Amino acid sequence: MSLKQPKILFAAYECAPFFKMGGLGDVAGSLPKALKKLGVDIRVVLPYYRAIKKNYPRLKKIKTVKLATAAEQLTIDVFASRLPNSEVPIYFLSNKYFDALDIFDADSRFRFILFSYLITRVGEILGWQPDTIHLNDWHTGLASIFLKSSQQPVKTVFTIHNLAYGGDTPLTTLSRFGLTAADFSLVKNNSVNIMREAITASDIITTVSPSYAKEILTPEFGCGLDDILKKRKKDLYGIINGLDYDVFNPVTDKNIPVRYSFQTINRKVTNKLYLQKISHLPVNEKIPLLTIVSRLAGQKGFDLLESIVTDLLQLDLQLIILGTGEAHYEKFFKTIGQKYPQKVSTQLIFDPQLANQMMAGADILLMPSRYEPCGLGQLAAMKYGTLPLVRATGGLKDTVINYDGHNTATANGFSFTTYDSANLLKTIKRATKLFPDKKIWQKLQANAMQADFSWGPSAREYLGIYQRRSAART
Ligand code: GLC
């Protein structure tokens with residue numbers, strides 16, 4: 001029996017390159033392309049934020065729809081485009097609530113609940129009815145509750161990209177959509193954890209690596225939701241994210257000074273010298289160059305770095321940081337940049353072009369995460385022959401093979417297991433000591449660059465999930 005190709009609406013609050021704040025944006029901008037290649041009728045929907053209007057002023061308006069919600073008559077303008085290098089349609093829904101300067105302002109809860117609601121009425125809005133809606137994180141998760149209460153025969157796949165952000169929303173906000181306490185599995189302090197509700201109400205739950213799928217069943221990683229995840233265990237899948245090699249590829253990357261492949265790996269050093277120069281560090285190919293390209297959040301393990309920084313900067317190495325985030329870590333990295341200008345360079349900005357230059361120019365990418373659902377940085381680094389140095393957790397554990405002194409044939413980076421600053425320091429010492437051994441280093445680079453972290457196999461797993469659901473229910 002051949003299975004019918006499913007019709008999928010892919011909904012997320014961000015989608016690269018139109019609007020990107022983190023890894024979810026990369027996934028939304030690339031997984032649908034891979035699914036389209038498998039013949040899936042997949043379309044993406046996003047709010048039409050002010051930032052998108054500004055950066056993409058010429059998007060085509062395809063229609064205006066008037067929609068009655070529980071509270072009001074809403075006018076929605078629909079704009080359309082395609083994901084770059086693909087035939088995947090992307091629709092941008094515009095209304096008076098989505099046009100905010102900062103999408104995470106005080107109205108953000110209302111904004112994302114409204115978006116979640118509109119997702120469930122996409123048949124009326126677009127004139128196209130999906131049979132499965134693929135939701136991502138809390139910002140779109142409540143669509144599963146709206147679908148349940150309206151008894152629509154649409155299946156839901158809910159992907160957890162980061163369990164820690166639950167999107168707690170007061171009942172008063174939810175009541176503006178006609179929802180009451182009876183619609184939810186748990187109301188605590190007059191507030192609802194959207195992540196919990198999406199996990200409870202969706203048909204299938206996935207997360208972005210096999211290891212994280214196991215970890216979130218434990219109290220340590222479960223963010224208080226491990227019990228309900230355990231209840232849904234038979235519908236929970238861990239599928240590793242892929243990387244968009246249209247965007248991250250040293251052979252074709254227009255953002256980097258010199259392009260290269262493993263066959264021309266000797267050219268990589270030119271990118272390093274360039275990076276040292278623009279970072280105002282001593283230009284010297286012999287000094288191991290470490291980089292951090294990340295949201296500067298507690299999740300990422302920077303507290304470990306904080307406690308070893310004095311010892312670390314005694315070593316002969318350089319460190320370049322690129323990212324924005326929590327004030328505490330911004331200050332920490334800024335301070336060490338000022339205190340050790342010969343060794344540390346800090347760029348507190350979000351800059352995808354510079355991020356690729358870091359991937360191309362550095363020798364080692366640091367990701368000592370406390371937890372990491374998947375992590376895309378290590379995948380990008382490997383493609384550029386920059387060896388990841390990570391804590392073995394979640395997706396980092398599933399993708400980075402630690403060099404143990406013997407496994408030259410398979411290792412593609414460095415890792416440590418126990419979350420402890422002494423372990424991090426030891427691992428950095430181990431990696432920088434190996435760095436002058438060009439023969440082994442290049443073998444590890446070959447392993448990293450030749451590993452396949454494209455979307456192909458994971459997209460096929462998602463397709464299997466969509467088809468299984470459709471076949472089982474019809
Ligand atoms: C979140 C997670 C990260 C993951 C990304 C995409 O940002 O923290 O680990 O790679 O989502 O799924």
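Reply: Pro 17 sits in the loop between strand 1 (7-11) and helix 1 (23-37). Keep in mind as you look that this is a predicted model. The peptide bond leading from Ala 16 into Pro 17 is cis, with omega near 0 degrees.

Go to the one between strand 4 (73-82) and strand 5 (89-94), and you'll find Asn 85. Its phi is near 55 degrees, a positive value in a residue that isn't glycine. Asn 85 is also exposed, with a relative accessible area of 64%. For a second case, head to the loop between helix 11 (268-278) and strand 12 (289-293), where His 280 is found. His 280 has a positive phi too, about 60 degrees, although it is not a glycine. With 67% relative accessibility, His 280 counts as exposed because the cut-off for that label is over 50%. Why point these out at all? Because most residues other than glycine have a negative phi.

Now for the charged pairs. Take Lys 61 and Asp 77, whose side chains meet at 3.6 Å, N to O. Lys 61 belongs to strand 3 (residues 60-68) and Asp 77 to strand 4, so this pair links distant parts of the chain, 16 residues apart. Lys 61 is partly exposed, at 45% relative accessible area.

Compare that with Arg 232 and Asp 235, which form a salt bridge at 2.9 Å, N to O. Here Arg 232 is buried, with a relative accessible area of 15%, and Asp 235 counts as buried as well, at 13%.

Then there's the bridge between Asp 363 and Lys 272, at 2.6 Å, N to O. Asp 363 lies in the loop between helix 14 (352-361) and strand 15 (364-367), while Lys 272 is in helix 11, so the pair ties together parts that are 91 residues apart in sequence. Asp 363 is buried, with a relative accessible area of 7%, and Lys 272 counts as buried at 3%. Elsewhere, salt bridges that share partners join Lys 33, Asp 244 and Asp 246 into one network.

Last stop, the ligand. There are 14 residues around it, and the ones that come nearest are His 161, Asn 241, Glu 372, Cys 374 and Gly 375. Sorted by type, the shell has six nonpolar, six polar and two charged residues. Domain 1 (7-242 + 456-471) and domain 2 (262-450) each supply at least three residues to that shell.

A polar side-chain atom of His 161 lies 2.6 Å from an oxygen atom of the ligand. Taken alone, the ligand would expose 310 Å², and the protein buries 93% of that.

Terms used. Residues numbered from 1 in each chain as written. Predicted model: local features only at pLDDT ≥ 70, side-chain atom pairs only at ≥ 80, totals over all residues. Heavy atoms only, no water. Near = heavy atom within 4 Å. Polar contact = N/O pair within 3.5 Å; in protein donor to acceptor, adjacent residues only side chain to side chain. Areas by Shrake-Rupley, 256 points an atom, 1.4 Å probe, with all protein chains shown as cover. Nonpolar A, V, L, I, M, F, W, Y, C, P; charged D, E, K, R; others polar. Domains from an automatic or database assignment. Helix = DSSP H or I, 4+ residues; strand = E, 2+ residues; numbered from the N terminus. Buried < 20%, exposed > 50% of the residue type's maximum accessible area, 1.4 Å probe, protein only. Salt bridge = Lys/Arg side-chain N within 4 Å of Asp/Glu carboxyl O.
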